[in-house]
Amino acid sequence: MRRKFGATLYIGLFLLFLYIPIAVLVAFSFNESKSRSYWTGFTFAWYNKLLHNHEILRAAFNTLVVAVVASFAATVIGTVSAVGVHFLDKRLKRLMTLLTNLPIVNPEIVTGVSLMLLFTFLKVKVGFETLLLAHIIFNIPYIVFSVLPKLAQMDKYLCDAAMDLGCNWWQVFFKVILPEVSPGIMSGFLMALAFSVDDFVISYFTGGPTSQTLPLTIFAMTRRKVSPEINALSTIVFVVALTIIFVVQFYESRKNKHLLRRNGS
Amino acid sequence: MLAALAIVSALCVGICVFKNESHGSLEKQRRSINVFNWGEFMSNGSDGLLNVNQEFERLTGIHVNYTTFSSNEEMYAKIKSGSVLYDVVIPSDYMIAKMVSEGLLAKLNFDNIPNVKNIMPNLKGMVYDPQGEYSVPYAWGVVGVVYNSQQINKPVGGFDALWDEELSGDILMFLNSRDAFSVALKKLGFSFNTDDKNEILLAAKELRRQKKLVQAYVMDEIFDKMQSAEALIAPYYSGDALVMMRDNQNLRFVFPKGTNRFIDAACVLETSEKKEVAEQYINFLCEPRVALANALSGGYSTPNQQAFEMLPAEIRNSQIAYPSDDMLQTTECYCFKPAEIGELMDALWIEIMVADEDNSIWVMPVFIVVCITTTISIGIARMRGRKQRR
């Protein structure tokens, strides 16, 4: 009993530590004054103001477009390359895994600066296109990273069996491999999406006049007082993310129940 | 099968979105200009004021790609890298001088900017652009001392009060080398545009002495700290001081003699391919109603005479936002400093920030060396253990 109490306390403290900052952020998005330390009254004014703030909304829109498009593109490229890497012979496979993992370990600032230098060298003016390209590039390793283990889990002979039964390579890819690794693709996509929305350093170096993302806009606001509109926006983002997670969880658990019932009967 | 279909359709959607987006932005680039401004420095419609960029788009059909920066140096680095194409930038005084000297800014064609006549006469021919060929003032302000008159009973005259031992622990200070050094230099009675290394070393000494008294080095945290009386005295910009005073009636603001007046001005870049449109945009910024909206939303003083006359009386008559010409005569603008002076200041500033009186500077290196040796010795011990086991 006592041990259980200790464990609960530990978990409680742990969760508190994780979520207190977000709770404070959410609470102060409803604060009447601009203060970040004193509570003066409840209001929805910041949400209303946010809806009229063209600058922040455009930045949020840019961020979303870049994140979604870049994650889609990276998912396609990453999945195909993961399949390719999986069927390489052992030594080449190890080399390729190393090469694709390197960008993840590599500090973002190095990636960002080197991309900027590359664009300058190629005389490309940075803007939306270069930002998108940069995001696709840094997202690919995450996809490969999460698809490769799923491929390793797959039954080695599944592809051979499919081909024995008359599938060609395309059919094998779409009907056998993709359904097998789809959880990996999905989690890779979500990870890429999160990293894309989040990214500051690489966007800072590769973005230009047509593509300011939200993190950059918020950073530029810090010279003066950051407005609680940012709290409001962050609250909205947090709630949306929370909803997505709940929906996914709900869907998954229903699917699992379904499978259990089918297997049981 | 379903998953495959989903992914294929997702792919299609992705490609479509990508195509549309790049197509759209290409289209926009044909009739668009790129504007680079300070963060939170332009009216964007969130206060019920004019949305400046949207209005410009509505009137001219030219799309404004508006992006923001948080410091002059950040902006300069971006532009100097040569990989970005901006048309209009709004840097501060000393940065304009630097950019002019490096040929980054274009001479303006004032035939396209008739509204320049609205600019206050006392803002013409400033040191950073003596002929007024490269820039059109956008906003300005003065550095002064904000203090809490309820808690501080003696008169505060100038920067000296920031070294007052009785206020120890209640003093805030700028968190950037340029502003901090200018306060110290002014306190010593020097010009903050000095090239004399000895004067800068003396100022550094002054700052080091002050460090014991300072509660915190801040930029935007100053609002909360001053409004809640957590700190009692701080140097800051006049426009922001007005915002603080609105929330805390006990706050007062004084101009030390010979203090800094800063001016941010709109310029067109030499690399711009749409100089005429850029000038049209600057002209639009000089329209009284636009300047008025920007002044009201940013809180900084407007250089626009017409807009000034349209301001509410309490702001117009404020000695803080719009000090008398006599007072302004005594102020000084930042000039562009030779690189070595700037580097010396930065180096001294880092030294001041890092050095802690209580801890010797050796603590960190020694700690790191100890960590490394422990790691190595553990590694060696393990290897030996493995050998013995064999």
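These are my notes on two chains, their contact and one residue in it.

**Setting up.** I'm working with a predicted model, where local features need pLDDT of at least 70, side-chain atom pairs count only at pLDDT 80 or more, and totals for chains, interfaces and linings use all residues. Residues are numbered from 1 along each chain as its sequence is written, and chains are lettered from A and ligands numbered from 1 in the order in which they are written.

**Chain B domains.** I then checked for contacts (C-beta atoms, placed from the backbone, within 7 Å). In chain B, 5 residues of domain 1 touch 5 residues of domain 2.

**Chain A against chain B.** Next I looked at the contact between the chains, which takes 40 residues from chain A and 43 from chain B. On the chain A side, H3(A) gives the most, with 7 residues. Helices here are DSSP runs (H or I, at least four residues), numbered from the N terminus.

**B:Asp240.** I found this residue in helix H8 (residues 238-247) of chain B. Is B:Asp240 buried or exposed? B:Asp240 is buried, because 21 other C-beta atoms lie within 10 Å; the cut-off for buried is 20 or more, for exposed 12 or fewer, with partly exposed in between, and C-beta atoms placed from the backbone. Leaving aside neighbours within four places in sequence, B:Asp240 is in contact with A:Arg224 and B:Gly299.

Methods: Contact = placed C-beta atoms within 7 Å. Helix = DSSP H or I, 4+ residues; strand = E, 2+ residues; numbered from the N terminus.
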